[in-house]
Amino acid sequence: MCQSCATKDKRRKKKNYSVTDDLVDNYNDEIIDDKEIFELKIEKLTQSLKELDVEEKSILLMKYQDEFSIKEISETLEIGESATKMRLNRAKNRLLKIYNAL
């Protein structure tokens, strides 16, 4: 294992992400492009993140702060990759709704 992979693995194991597996049938949310997330103003983004559920905030932080891949998030949460993508998109969608309401 390469040095950076080992470091990333250790960092991931140290984090405690408690996310329940609450898949909802008939998932029809709009797909949110990452570009929209990166364009948000930091002050409003910080406030918006405070209003998210712990599970939503955790998955967004894994993706954008910790730079985990979908596969790494999936392994950390012990769910499938498609469920990971669905949860990530739901969290992004909810973040944008909160952000735009501020």
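**Pocket notes**

I started with the second largest pocket, where H2, H3 and H4 each supply at least two lining residues (helices are DSSP runs of H or I, at least four residues; strands are E runs, at least two; both are numbered from the N terminus). This is a predicted model, so I kept the rules in mind: local features need pLDDT of at least 70, side-chain atom pairs count only at pLDDT 80 or more, and totals for chains, interfaces and linings use all residues. Residues are numbered from 1 along each chain as its sequence is written, and side-chain values use heavy atoms, with hydrogens and water left out.

Which helix gives the most to that lining? I found H4, with four residues. The lining includes Leu 60, Leu 61, Tyr 64 and Gln 65, and also Leu 95. By class I get nine nonpolar, one polar and no charged residues (Ala, Val, Leu, Ile, Met, Phe, Trp, Tyr, Cys and Pro count as nonpolar, Asp, Glu, Lys and Arg as charged, the others, Gly among them, as polar).

For the pocket itself, I used a 1 Å grid over the protein atoms alone: a pocket is an open set of points with protein on both sides within 12 Å along at least five of seven lines, and lining residues have an atom within 4 Å of a point. The space in this pocket is about 160 Å³, as filled by probe spheres set on points joined across faces, edges and corners.

**Charge pairs**

How many salt bridges does a search of the whole structure find? I got two (a side-chain nitrogen of Lys or Arg within 4 Å of a carboxyl oxygen of Asp or Glu).

I looked at Asp 34 and Lys 92, whose side chains meet at 2.8 Å, N to O. Asp 34 sits in H2 (residues 34-38) and Lys 92 in H6 (residues 81-101), so this pair ties together parts 58 residues apart in sequence. Lys 92 is buried at 7% relative accessible area, while Asp 34 is partly exposed at 25% (buried is under 20%, exposed over 50%, partly exposed in between, with a 1.4 Å probe and protein chains only).

Then I took Glu 56 and Arg 94, with closest N and O atoms 3.0 Å apart. This pair links H4 (residues 54-65) to H6, 38 residues apart. Glu 56 is buried at 15%; Arg 94 is partly exposed at 31%.

**Side note**

I also checked Ser 74 in H5 (residues 70-77), which is buried at 8%. Leaving out residues up to four places away in sequence, Ser 74 touches Ile 79, Gly 80, Glu 81 and Thr 84 (heavy atoms within 4.5 Å).

Terms used. 1 Å grid on protein atoms, 1.4 Å probe; cavity = no way out; pocket = protein on both sides within 12 Å on 5 of 7 lines; lining within 4 Å.
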